Amino acid sequence: MNLKPLGDRVIIKADEAETTTASGLYIASEAKEKPTTGVVLAVGDGKLDKDGKHLPMPVKEGDKVIYGKFGGTEVTVDGEDVLILRADDLYAVFA
């Protein structure tokens with residue numbers, strides 16, 4: 001994918017929605033929850049401070065992140081569904 005986000009935006013590949021419950025029951029496609037975790041595919045240069053210098057981004061490519069359920073914009077690029085959102089909409093980075 002050759003896509004570079006602008007400013008403080010990040011591009012995320014969302015994890016797949018769960019298809020079964022913890023007890024093994026299958027979940028109907030209409031009842032599946034939107035995933036709130038994913039992997040960062042690309043990051044922008046960051047916000048500018050009052051002096052015009054870039055502030056560092058809190059994430060890097062390859063980080064696994066947690067984000068808001070209804071945040072961002074879903075787009076399809078090169079046949080791949082991705083999510084574009086601001087770095088401020090990320091809640092956590094985890095290993």
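This is a short tour of a predicted model, one selection at a time.

**Whole chain.** Start with everything shown as a cartoon. You will find six strands and zero helices. From the N terminus on, the elements run β-β-β-β-β-β.

**The sheet.** Now colour the strands. The six strands form an open sheet in the order β4-β5-β1-β2-β3-β6, with antiparallel pairing. Which strands sit at the edges? Select β4 (73-77) and β6 (90-94). Each of these pairs on one side only. Strands of a sheet pair through backbone hydrogen bonds.

Zoom in on β3 and β6. Four bridges join them in the antiparallel sense. Pick Val65 next. Its bridge partner in β6 is Val93.

**The core.** Select Val10, Ile12, Val40, Val43, Met57, Val59, Val65, Tyr67, Leu83, Leu85, Ala87 and Leu90. These twelve residues make up the largest nonpolar core. Two or more of its residues come from each of β1 (9-14), β2 (37-43), β3 (64-67) and β5 (80-86).

Centre on Leu83. What does Leu83 touch, leaving aside residues up to four places away in sequence? Its contacts are Val10, Ile11, Ile12, Tyr67, Gly71, Gly72, Thr73 and Glu74.

**Step back.** Show the surface. The accessible surface is about 6,500 Å², and 52% of it belongs to carbon and sulfur atoms. Of the 95 residues, 24% are buried. Last, think about sequence distance. Among contacts between residues at least 6 apart in sequence, 62% join residues at least 24 apart.

Note on methods
Residues numbered from 1 in each chain as written. Predicted model: local features only at pLDDT ≥ 70, side-chain atom pairs only at ≥ 80, totals over all residues. Heavy atoms only, no water. Core = buried A, V, L, I, M, F, W, Y, C linked by side-chain atoms within 4.5 Å. Buried < 20%, exposed > 50% of the residue type's maximum accessible area, 1.4 Å probe, protein only. Contact = heavy atoms within 4.5 Å. Areas by Shrake-Rupley, 256 points an atom, 1.4 Å probe, with all protein chains shown as cover. Pairing = 2+ DSSP bridges.
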